[in-house]
Amino acid sequence: TTQSIIVNQPGTYTVTVKNVYNNFSCDASKDFIVTNSGPPTIIDIATSDWSPTNNSAVITATGSGTYLYSLDNVNFQTSNTFNNLLPGFYTAYVKDENGCGKANEDFVLLNYPKYFTPNGDGYNDTWQIRFSTFEPNLNIDIFDRFGKFLIRLRGGDSGWDGTYNGQDVFSTDYWFVVTREDGKIYKGHFSLKR
C-alpha cells in the first residue's frame, strides 16, 4: 500500500502496481535484485619485491561488497593481484562495484643496485636501497665477506660511501640484511668497484 519499503536483506524482490476498477483490475510487476554492498577496508598488501621488473602485490580487503582493484585509480580489475611491477611507490585503490565506497593505501616495492663505484666521479658513489625513503623505519645492515658488521643504514639515509672507520674498504662483494617494520627480512649482496 506504500510506494517505498526498507530492505534489510539481499535477494530478489518483486514490486507490483495494481489499479482496481470495480470488478476489474490491471497490474504490472517487475523483479529487482538487491545485493549486499558496503565500503571496503584494506587489511593487508602483501608484496613480493627486490626484482628489477617482476615484483607483485596482493591487496586484501574486507567488507560486505564486491570489490574492484586498481593501482592508478583509473583502470580497475576484479583480481586483487598485480604482477610484473617495477620497483617504486604505489597507491592501492579498492572500490565497491556498486559505488558504496572506496579505500586506498600506499605501499612501496624495493630494489637495490647490484654494484656501486665510490670513486668520487658523481655516479654511483653511494650504495642504498632504492625507494627506502618511503620506509623510514627500515634497517639495512652491511657486512663484509667474512661476516664482519660494517654499517647500519636506515630507510632514507644517503647511503654507504664504501668506508669503514674513515678508511676505504676493498673492491669486492658485500652482503646486506634488510629488516622491515613488519618484521620481514631480505638478504642480498652487491659489489663495490673502485
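Predicted model: local features only at pLDDT ≥ 70, side-chain atom pairs only at ≥ 80, totals over all residues.
I started with the rings and got a count of 17 aromatic pairs.

I checked where the two sit. W160 is in the loop between β11 (149-154) and β12 (163-164), while Y174 is in strand β14 (residues 173-179), so I have a link between distant parts of the chain, 14 residues apart. Buried or exposed, I wondered, for W160? W160 is buried, at 1% relative accessibility. Y174 comes out buried too, with a relative accessible area of 3%.

Next I looked at F176 and F190, which make a tilted pair at 6.1 Å centre to centre and 40 degrees between the planes. F176 belongs to strand β14 and F190 to strand β15 (residues 185-192), so this pair ties together parts 14 residues apart in sequence. I found both F176 and F190 buried.

Then I followed the ring pairs onward. They join W50, Y112, F116, W127, W160, Y174, F176, Y186 and F190 into a cluster.

K114 lies over the face of Y112, 3.8 Å from the ring centre, and Y112 is one of the cluster members. I also noted K95 over the face of F76, at 4.2 Å from the ring centre.

Last, the cysteines. How many disulfides are there? I got zero. For the record, C26 is partly exposed with a relative accessible area of 38%, and C100 is partly exposed at 33% relative accessibility.

Notes
Residues numbered from 1 in each chain as written. Heavy atoms only, no water. Disulfide = S-S within 2.5 Å. Buried < 20%, exposed > 50% of the residue type's maximum accessible area, 1.4 Å probe, protein only. Phe/Tyr/Trp six-rings, centres within 6.5 Å; stacked < 30°, edge-to-face > 60°. Helix = DSSP H or I, 4+ residues; strand = E, 2+ residues; numbered from the N terminus. Lys NZ or Arg CZ within 6 Å of the ring centre and 35° of its normal.
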